[in-house]
Amino acid sequence: MRKELLAEKVNVKDAKLFIDGKYIDAISGETFDTLNPATNTKLASVAQGSEEDAKLAIEAAQRAFESGIWSKMSVEERSHILCKMSDLIMEKVDELAYIETLDVGKPIKESRGFDIPRAAHNFRFFAEMAKYMVHEHYDQHHVMSYAKYAPAGVTSLIIPWNLPFMQMTWKASAALASGNTVVIKPASYTPLSAVMLGEIANEAGLPPGVLNIITGPGSTVGTAMTTHSAVRRISFVGESNTGKMIMRNASENLIPVSLELGGKSANIVFEDANLDEAVQGSIEAIYRNQGEICLAGSRLLVQESIYEQFLEKFISAVKKIKVGNPLDEDTDMGALVSKSHLETVDKYVEIGVSEGAKLAYGGKRVEGLTEGNFYEPTVLYDVDNHMRVAQEEIFGPVLVVIPFKTEEDAIRIANDSIYGLAGVVWTNDLRRAQRVVSEIDSGLLWVNCWYIRDLRTPFGGTKASGIGREGGRHSFEFYTEAKTITMKL
């Protein structure tokens, strides 16, 4: 659907809190503005929730959970409602994608072609998987032992701004499929698509109080969601220091946490790799979503024997990336989420050059698009892994290129980071691939591809990249409490 038709059909609404099945104003009546990153103009007014609003949402979720209207509903009934939510997301795919693109600044072809369909798939996947979870059962010497997995209770979900609708549904669908009630806090930069999930829930027949959405500052809303005694699970995606604070808050009530935090992933290209595939895959791994993605292959490690050849091919491909209006179907890279984030990204490029890195391409705002937060795809090369640009998460379209000599060098450099979220290996040597992925300390690794996800597999990082795993049975294990029953026969 062309952007002109989308604009005619989609009305960007002001966002209210969604509590107990209803859209309401914040208790204070206060609001804040969410901006379009492509123009830095106001998109909508958003209710500014407070600690009191968060408590109302948590209490609504607690009442719904204790009533058993959802937690004691049959798995088949829950699955039916969640699948209906999946269907409704796809019915509204154009509207949701349009809102997501306006609020985040990402290309419409990514929102409509991947993010929103993936969100619908999240709901259907966990709804269906819940029906087929296998429970443990053991017989020994006339004694039967078995385990039941009961819903944990009220679940706090705190969502980042880079992939708001997809990340929210990834968490919420698993928590809901497990029988929990949820309170969601979307990021203040990008709240609009998240708030729309409330009307989808109502239309699908989700009971009131089972899903609640609170917009507002992390300092108040987020704190309440991570310290309230009624909360029994916390799942957070975001920056590592915020994750540490959430973990400290959760420790007061011994609330289990799942934290997916920052990353500075190594993308390793060996001399025997298919260079054309590696170039295209590496382009995708750093410039998709404007580089605002935790899984980005932001450190490109290239073997010295092919270093110059690969860099030439890579720069040639980078020059073809179209940065522009996110609503244009042929745009490859849109706007960064905010003016302040653009300034942070630009400052990192300055730091890299001052440290001795060489600027191969980019490194500045896009000419002719100065009203929005548009930044050129940037390549810094001849980088030393100890430079700040190689160690700190920039979270933007800035790639650092590091040469290496041997397989051992590549592994050492890849592991020389406080992060351990993801990694990529490009090689046609199967044995080398197995050796390298076995030695890299990261939670997710790809060989000759990037960002392909089977939702049955565990997702999460090591070191400063987080704690815990979600995905498939790992999500159900986190969002439930295991009970062991032993019976003498």
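Let me start with strand S15, residues 378-381, and strand S16, residues 398-404, which in this predicted model pair in the parallel sense over three bridges. One of the contributing residues is threonine 378, whose bridge partner in S16 is valine 398. Helix H12, which covers residues 339-355, lies across S14, S15 and S16, and it runs at about 20° to S15. Helix H15, residues 430-439, also packs on the sheet, where it touches strand S12 (266-269), strand S13 (299-303), strand S18 (422-426) and S19, and the direction of H15 makes about 165° with that of S19.

Now to the sheet as a whole, which is open and is formed by seven strands in the order S14-S15-S16-S13-S12-S18-S19, with mixed pairing. Strand S14 (358-361) and strand S19 (444-447) stand at the edges with a single partner strand each, so one side of each is left without a neighbour in the sheet. If we ignore direction, neighbouring strands of this sheet are turned by 20° against each other on average.

Let me move on to the nonpolar cores. The largest of them has 109 residues, and the members that touch the most other members are Ile184, Leu197, Tyr287, Leu295 and Phe314. Helix H5, residues 108-130, gives the most to this core, namely 10 residues. If we take leucine 295 and leave aside its neighbours within four places in sequence, its contacts are Ser265, Leu421, Ala422, Leu444, Trp446, Trp450, Tyr451 and Phe459. There is also a second, separate core of 29 residues, and among its members are Ile351, Ile394, Val400 and Ile402.

Technical notes:
Residues are numbered from 1 along each chain as its sequence is written. This is a predicted model: local features need pLDDT of at least 70, side-chain atom pairs count only at pLDDT 80 or more; totals for chains, interfaces and linings use all residues. Side-chain values use heavy atoms; hydrogens and water are left out. A nonpolar core is a set of buried Ala, Val, Leu, Ile, Met, Phe, Trp, Tyr and Cys residues joined through side-chain atoms within 4.5 Å. Buried means under 20% relative accessible area, exposed over 50%, partly exposed in between (1.4 Å probe, protein chains only). Helices (H or I, at least four residues) and strands (E, at least two) are DSSP runs, numbered from the N terminus. Contact means heavy atoms within 4.5 Å. Two strands pair if DSSP finds at least two bridges between them. Axes are lines fitted to C-alpha atoms, for helices over the stretch in contact, and angles run from 0 to 180 degrees between N-to-C directions.
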